[in-house]
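Let's take a walk through this structure together. Have the sequence and the model open side by side, and follow along as we go.

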Amino acid sequence: LVTAVVVFVPVGFLDALDTRIQQLDKDAFTDLQAVALVGITVVHAGSALIGEVFYTGVVAAAAIQSRTGASRSVGQLVRTLRYARLIAVDLLFVLLVVAGLAVLVVPGLVFFTWFALAAPVVELEDRGVGAAFRRSRELVRGSFWGVFAILVPLELSTDVLTDATGALATAALGDTLLADWLGSALAELLLTPLFAVAVVAVAYELIELEAAAKRDGTRVSVPAGREEPA
């Protein structure tokens, strides 16, 4: 939650700023200003995913601590994060998904599902950037629709509830930048941890299923009355 505040308060401001920009009269802008506005909109489109992907890596690190029984403070946990790799995975993931959505929508959803586990894999298995994307695709292969059915609705519902929270903040504080910022930040703080935990849980489950399948696949048949090798 501490990390969520650090990540999503700034992201909430970007969201609020984008909302203000979308309300401006586009006809009053020059061509150069219009191009700048499109750029800002694209940056915002990726900003939410950037926060979510990075935060998912943080949750994965916390999950490792929980499962191993290690006892570390928030400060110690934060110092162990693989920041460079998580940020690189974050940016590449956003570029792939946004590009896919811009082309035909469907490729964006496919990329989102294939590579959603890249950030937790960085922490869970100490993978590099390229290896994390390949590993995510490998884990999702054979379980695509199951992963899709869990993560895509969660992502879409987060967007819908973010809009609803923003509307409530506007009703309470008026149609202001502060209201938009507060509504967006609160929605992200409340909802993104749920999405991140789901992604990490899916990653753990698929890793364990893969390990079980490998054990079953390498099981050696032996004649009756003889023990199998350990």
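Before we go inside, one term: a nonpolar core here is a set of buried Ala, Val, Leu, Ile, Met, Phe, Trp, Tyr and Cys residues joined through side-chain atoms within 4.5 Å. Keep in mind, too, that you're looking at a predicted model.

With that in hand, look at the middle of things. The largest nonpolar core has 44 residues, and Val 89, Phe 93, Phe 112, Leu 117 and Leu 151 are the ones that touch the most other members. At least two residues of this core come from each of α1 (2–22), α2 (31–68), α4 (83–103), α5 (106–115), α6 (118–125), α7 (129–140), α8 and α9. The top contributor is α9, which gives 10 residues. As a general point, nonpolar side chains in soluble globular proteins tend to be buried together.

Now zoom in on Leu 151. Setting aside neighbours within four places in sequence, Leu 151 is in contact with Phe 112, Ala 116, Phe 195, Ala 198 and Val 199.

Step back for the overall layout. The chain has 9 helices and 0 strands, and reading along the sequence you get α-α-α-α-α-α-α-α-α. Out of 230 residues, 38% count as buried. If you take the contacts with a separation of 6 or more, 73% of them are between residues 24 or more positions apart.

Which helix is largely enclosed by the rest of the structure? That's α6, because 7 of its 8 residues are buried. The buried ones are Ala 118, Ala 119, Pro 120, Val 121, Val 122, Glu 123 and Leu 124.

Just past the end of α6 you run into Asp 126, which takes a positive phi of about 55°. The side chain of Asp 126 also meets that of Arg 82 in a salt bridge, 2.8 Å from N to O. This pair links distant parts of the chain: Asp 126 sits in the loop between α6 and α7, Arg 82 sits in the loop between α3 (74–80) and α4, and the two are 44 residues apart. Asp 126 is partly exposed at 44% relative accessibility, and Arg 82 is partly exposed too, at 24%.

That's one of 7 salt bridges found across the whole structure. Arg 127 is partly exposed at 30%, and so is Glu 125, at 23%.

Over in helix α7, Glu 138 and Arg 135 lie 3 residues apart, about one turn of the helix. In general, an α-helix has 3.6 residues a turn, so residues three or four places apart point the same way. The side chains of Glu 138 and Arg 135 meet in a salt bridge, at 2.6 Å from N to O. Is Arg 135 buried or exposed? With a relative accessible area of 5%, Arg 135 is buried, while Glu 138 is partly exposed at 36%. Through shared partners, salt bridges join Glu 125, Arg 127, Arg 135, Glu 138 and Glu 210 into one network.

Next, the aromatics. There are 9 aromatic pairs in the whole structure. Take Trp 114 and Phe 115: their ring centres are 6.0 Å apart and their planes are at 75°, so this pair is edge-to-face. Trp 114 is partly exposed at 24%, whereas Phe 115 is buried at 13%. Phe 144 and Trp 145 also pair edge-to-face, with 5.0 Å between centres and 90° between planes. Here Phe 144 counts as buried, at 18% relative accessibility, but Trp 145 counts as exposed, at 64%. Ring pairs also link Phe 111, Trp 114, Phe 115 and Phe 133 into a cluster.

Finish on the surface. Leu 173, Leu 178, Leu 182 and Leu 186 make up a nonpolar patch there, with about 350 Å² of accessible area together. Helix α9 (residues 177–217) supplies the largest share of the patch, 3 residues. Leu 173 lies in helix α8 (residues 144–173) and is partly exposed, with a relative accessible area of 45%.

Key:
Residues numbered from 1 in each chain as written. Predicted model: local features only at pLDDT ≥ 70, side-chain atom pairs only at ≥ 80, totals over all residues. Heavy atoms only, no water. Helix = DSSP H or I, 4+ residues; strand = E, 2+ residues; numbered from the N terminus. Buried < 20%, exposed > 50% of the residue type's maximum accessible area, 1.4 Å probe, protein only. Contact = heavy atoms within 4.5 Å. Patch = residues over 30% accessible without salt bridge, like charges linked within 9 Å, V, L, I, M, F, W, Y side chains within 5 Å. Areas by Shrake-Rupley, 256 points an atom, 1.4 Å probe, with all protein chains shown as cover. Salt bridge = Lys/Arg side-chain N within 4 Å of Asp/Glu carboxyl O. Phe/Tyr/Trp six-rings, centres within 6.5 Å; stacked < 30°, edge-to-face > 60°.
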